[in-house]
Amino acid sequence: MVICGVHSILLTILVILIFYVLTSAYSPACLKFQHGLQESLVLAHGSQCGFCTPGFIMSMYALLRSSQTPPSEEQIEESLAGNLCRCTGYRPIIDAFRVFAKTDDALYTNRSSLSLQGSEFVCPSTGKPCSCGSKDVNGHNTTKQSTTCGKRYMPVSYNEIDGSTYCEKELIFPPELLMRKLTPLNLSGFGGLKWHRPLGLHHVLDLKARYPDAKLVVGNSEVGIEMKLKGIQYQVLISIAHVPELNFFRVKDDGLEIGAAVRLSELLDVLRKVVAERDAHETSSCKAFIEQIKWFAGKQIKNIASVGGNICTASPISDLNPLWMAAGAQFRIINCKGDIRTTLARDFFLGYRKVDLARSEILLSIFLPWTRPFEYVKEFKQAHRRDDDIAIVNAGMRISLEENGEKWAVADALIVYGGVAPVSLSASKTKDFLIGKSWDQELLQGALSVLEKDIFLKEDAPGGMVEFRKSLILSFFFKFFLWVCHQMDGKQSFKKSLPLSHLSAIQSFCRPSSIGSQDYEITKSGTAVGSPDVHLSSKLQVTGEAEYADDTPMPPNSLHAALVLSRKPHARILSIDDSGAKSSPGFAGLFLSKDVPGGNNIGPVVYDEELFASEFVTCVGQIIGVVVANTHENAKFAARKVHIEYEELPAILSIEDALKSKSFHPNSERCMKKGDVELCFQSAACDKIIEGEVQVGGQEHFYLEPQGSVIWTMDGGNEVHMISSTQYSCSYHMMTLWS
Ligand SMILES: Cc1cc2nc3c(=O)[nH]c(=O)nc-3n(C[C@H](O)[C@H](O)[C@H](O)COP(=O)(O)OP(=O)(O)OC[C@H]3O[C@@H](n4cnc5c(N)ncnc54)[C@H](O)[C@@H]3O)c2cc1C
Ligand code: FES
């Protein structure tokens, strides 16, 4: 039995038929929590709208359930890295879960405001020794208050739950589910979609022979995005997640064979095991994969995403494909007749998302050879942020050195980059330059010059940030050079030892667990005002019982709406052709600006935005109209069929462009001033004057709960009922009145 957190949005109900889905359910009659995690999150004020809450609970539950010992704080943060919360803030959530970590629980429970050892005070907010309450420790009343800036505040990072008491009483996994046997499945879905779950390779190959255009699916983390977000429709899906011949590891004398359907988390576990057991020189590639997978998506994706799915998607920014290529991996491919061929990873990627697989073929397995003595493989990845982000540029590099008299010369090399071309790209001229050269400073300078021309990015290269990406290409190789020198340091006759000052360039990043605190003054008035009571919905939220608009059962004969959105940033609408939508299944109506009763203008304060764009659109995604149909799928399908003809207009897309063309919102000049600024500059009263420009990437926050409403009328339309995802219900009253 495996318990793991997964990305539930991408895990279709078809794929999960085999799993027992543990949800954060509770017994409504007595409001009893099933696990201390739920109680802890409530007490630590870790949920606000609660939409993200079941996801946090389940990720944390999976971690606790799969750990033999209490997890470390770092593991807790790692397991939550793929969970987003837009309104609570992460500090209370982490505080709620920290009590289950492998630290001294006393640091996080109500004993925390007392001194643990002598005069050392442990801050109840951070759980670390600090001086914020040291006065209390020396004899005064300590109970629940700490002192900050001379005022008495209640620390908010405070939790009464003792996490250690929960490890003995775990929920029982239903034994009947453990006994359940898998069976092959064939199901039909929306729009004639066929879904198959074969349980043997022969069955997969038969299906592939019958449906050559069928899409194979394992984790659905690519196919799901294509179908849900890009509107791509596949007629036949074959889930190969449970095919044993595609789910295996074979440790051989010359390397590791990995089944194509193996999940990334499983690969990580096996690589760690191999690294611990085998000679260090054999596992340089394995270590590089371990490091790269660390920065590959969140745990929920790694638990479902497969090795083969990543390879066959052939994304130009795949984090693993440059490494498979550099490490000399081989791919085994099988066709519908059962014939097997092998190709080198470096020859497999043919073009943008195009691979060397015929319609009758599938990827069977991957063979990763062990590295030899003095052969080194290293990974690189630069993203906007380290955790859970796709690469701007990544790379896999391999070098094999051999002793040649007094020198160490390059016997073989492969330098591969991702994010620089439509495919993962091998720097072939750089490789030719390196071979035979001595691994020294002269090689570095020469290689950088060759590399600059070898991996060349045009000024208008797709993806932008050209200067930055160019510098990444060179700096990755520079780091690789230093890292290899460091590996060779101390080896006989390797003269070039790495200066200490350069070491920081090759140290891998290690993020300490986060610390945050919030203190506020408690001024109680009446029963609840001013006191940090838990909010009423939180118990429903942590148990997964809270209902949102989308959970509401639809009344019979309901119609569903989908929006028609602008695909242009700035344009005039010339015509709207609804014929495609009208002939779509289940279509019931299309409503545009001319159909809006009352006023078409809306806005939070100033009503200066159109509900449905009438003549001009000013951004991609602006709402032009709404289609209603008998199901949500049909409504979305029909909305995509509304054809709009635009006349494109020049667009201003940056603040710099807006400044240049003096395009300002009217009456929006704002200047923040405190004191007499001019006088201050003139009289040199300032210690320091800093001049310059600051750019901030501030953005409006986004909602996690999909925006939705369920509306029905009664009394012949005189009474309107509405359930909606909103924090501002009175605006709905106003809008309804207007219409
Ligand atoms: C939130 C998120 C974060 C991500 N982060 C990263 C990241 O950091 N780095 C990165 O590189 N990628 C990332 N990805 C991309 C994606 O997760 C990976 O590409 C993943 O490994 C795909 O595996 P899967 O099993 O989910 O593929 P699926 O969606 O199931 O399949 C993907 C494709 O591979 C084909 N396929 C699968 N198996 C075979 C086979 N045996 N033979 C032939 N074809 C096959 C399928 O037909 C399909 O075309 C991310 C995706 C998401 C949604
Ligand atoms: S509580 Fe996390 S998204 Fe609202």
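This note sets out points on the fold, the ligand shell and selected residues of a predicted model.

1. Basis of the values. In this predicted model, local features need pLDDT of at least 70 and side-chain atom pairs count only at pLDDT 80 or more, whereas totals for chains, interfaces and linings use all residues. Residues are numbered from 1 along each chain as its sequence is written, chains are lettered from A and ligands numbered from 1 in the order in which they are written, and side-chain values use heavy atoms, with hydrogens and water left out.

2. Overall architecture. The protein chain holds 23 helices and 28 strands; these elements are DSSP runs numbered from the N terminus, with helices (H or I) of at least four residues and strands (E) of at least two. Of its 739 residues, 41% are buried, where buried means under 20% relative accessible area, exposed over 50% and partly exposed in between (1.4 Å probe, protein chains only). Contact means heavy atoms within 4.5 Å. Of the contacts between residues at least 6 apart in sequence, 66% join residues at least 24 apart.

3. Surface. The protein chain has an accessible surface of about 40,800 Å², and carbon and sulfur atoms account for 55% of that area. Accessible areas come from the Shrake-Rupley method with a 1.4 Å probe; for residues, only the protein chains shown count as cover.

4. Shell of ligand 1. Ligand 1 is surrounded by 30 residues, the closest being Leu216, Val218, Ser221, Glu222 and Ser306; a residue qualifies as near if one of its heavy atoms lies within 4 Å. By class, 16 of the shell residues are nonpolar, nine polar and five charged. Here Ala, Val, Leu, Ile, Met, Phe, Trp, Tyr, Cys and Pro count as nonpolar, Asp, Glu, Lys and Arg as charged, and the others, Gly among them, as polar. Strand S5 (215–217), helix H8 (223–228), helix H12 (307–313) and strand S13 (361–369) each supply at least two shell residues, and H12 gives the most, with five.

5. Atom pairs at ligand 1. An N or O atom in the side chain of Ser306 is 2.7 Å from an oxygen atom of ligand 1. A backbone N or O atom of Gly219 lies 2.9 Å from an oxygen atom of the ligand, and a backbone N or O atom of Leu363 lies 2.9 Å from a nitrogen atom of the ligand. The protein covers 89% of the 990 Å² of accessible area that ligand 1 has on its own.

6. Positive phi values. Asn220, in the loop between S5 and H8, has a positive phi of about 70 degrees although it is not a glycine. Asp715 lies in the loop between strand S27 (709–714) and strand S28 (719–724), and its phi is near 55 degrees, also positive. Asn220 is buried at 7% relative accessible area, whereas Asp715 is exposed at 52%.

7. Two buried residues. Leu63 belongs to helix H2 (residues 53–66) and is buried at 7% relative accessibility. Beyond its neighbours within four places in sequence, Leu63 is in contact with Pro71, Gln75, Ile76 and Ser79. Glu282, in the loop between helix H9 (264–277) and helix H10 (284–294), is buried at 15%.

8. Cysteines. The whole structure contains zero disulfides, a disulfide being a pair of cysteine sulfur atoms within 2.5 Å. Cys680 is partly exposed at 26%, and Cys730 is partly exposed at 40%.

Technical notes:
Polar contact = N/O pair within 3.5 Å; in protein donor to acceptor, adjacent residues only side chain to side chain.
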